[in-house]
Amino acid sequence: MKIKKLIAVLLSLVMVLALAACGNDDAKTDGGNEDTSTTTVPVGDTTAPPTVPNDSTEPVDSTEAPSIMFDYLPGSWTTALSYNGEDLGVPAFTGTLEIALVATFAKDGTYSLSVDEDAFSANIDSNKDALVAAMLQLLYDTYGGEAEAEKQVQDSMAMSCTEYAQAYVDALKDELTIDEEKGTWSAEGSNMYLDGEIIGANIKAEVMLWWGELIEEAFGVEELTFTRIAA
């Protein structure tokens with residue numbers, strides 16, 4: 001499954017703030033070395049009970065209805081991912097970046113993952129002041145103060161730190177090109193398998209919950225909540 005690669009690419013657009021400082025090696029942090037390799041998560045018990053829903057509001061025992069996921073999953077679902085400065089490894093960033101992830105499942109056992117790039121671009125705009133402020137702080141920290149940072153950036157970039165930070169944030173939107181990821185899915189009980197990797201899943205009415213080790217590794221959260229946007 002390509003979820004980890006997808007999110008790593010998105011986060012790298014902001015994590016690189018911590019690596020910037022006009023190429024100064026001293027600006028690099030461990031948080032900038034994101035692992036974009038694909039890790040196979042072993043099949044095993046998930047952290048939530050194996051339940052999936054039926055037409056009622058009560059969950060059903062998936063062992064009694066092992067194929068119910070195939071009836072309820074097909075369609076498009078969306079979830080909002082939110083990351084603050086601590087999540088991104090950029091403490092000076094005081095805003096919140098939001099990523100709208102869309103997962104579409106077909107009855108033939110294929111799926112796709114995509115990101116609403118227009119929404120993310122708009123979110124960059126709404127967080128521009130916070131991103132610029134974070135970039136300025138990183139430059140000042142890197143060069144030992146505002147005066148020295150201004151001198152270094154002016155000498156190397158022929159612009160002020162503020163101009164450089166603003167141009168850098170604007171470039172984030174231009175660099176945002178995320179290809180749709182595709183793969184195969186299957187289900188057994190309350191376990192969903194995306195390209196053979198396990199996710200605990202539960203669907204009730206128009207809401208789907210994902211949990212498990214893969215979710216924590218890919219998104220840094222214990223669970224994700226999707227809402228259906230199309231059948």
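The model is a predicted one. Its chain has 231 residues, and 44% of them count as buried. Eight helices and 10 strands make up the secondary structure. Taking contacts between residues at least 6 apart in sequence, 62% join residues at least 24 apart. The accessible surface of the chain is about 11,400 Å², and carbon and sulfur atoms account for 47% of that area.

Let us turn to the two helices.

How do α5 and α6 pack, and at what angle? Helix α5 is made of residues 128-143, and its axis lies 8 Å from that of α6, at an angle of about 100 degrees. Angles of 65 to 115 degrees count as roughly perpendicular, and α5 and α6 are therefore roughly perpendicular to each other.

The residues that meet across this pair are set out here.

| Helix | Residues in the contact |
|---|---|
| α5 | Leu139, Tyr140, Tyr143 |
| α6 | Glu146, Glu148, Ala149, Glu150, Gln152, Val153 |

Sorted by class, the contact of α5 with α6 has five nonpolar residues, three charged residues and one polar residue. Among the residues on the α6 side are Glu146, Glu148 and Glu150, while α5 brings Leu139 along with Tyr140 and Tyr143.

Technical notes: Residues numbered from 1 in each chain as written. Predicted model: local features only at pLDDT ≥ 70, side-chain atom pairs only at ≥ 80, totals over all residues. Heavy atoms only, no water. Axes fitted to C-alpha atoms, helices over the stretch in contact; angles between N-to-C directions. Helix = DSSP H or I, 4+ residues; strand = E, 2+ residues; numbered from the N terminus. Parallel < 35°, antiparallel > 145°, perpendicular 65-115°, else oblique. Contact = heavy atoms within 4.5 Å. Nonpolar A, V, L, I, M, F, W, Y, C, P; charged D, E, K, R; others polar. Buried < 20%, exposed > 50% of the residue type's maximum accessible area, 1.4 Å probe, protein only. Areas by Shrake-Rupley, 256 points an atom, 1.4 Å probe, with all protein chains shown as cover.
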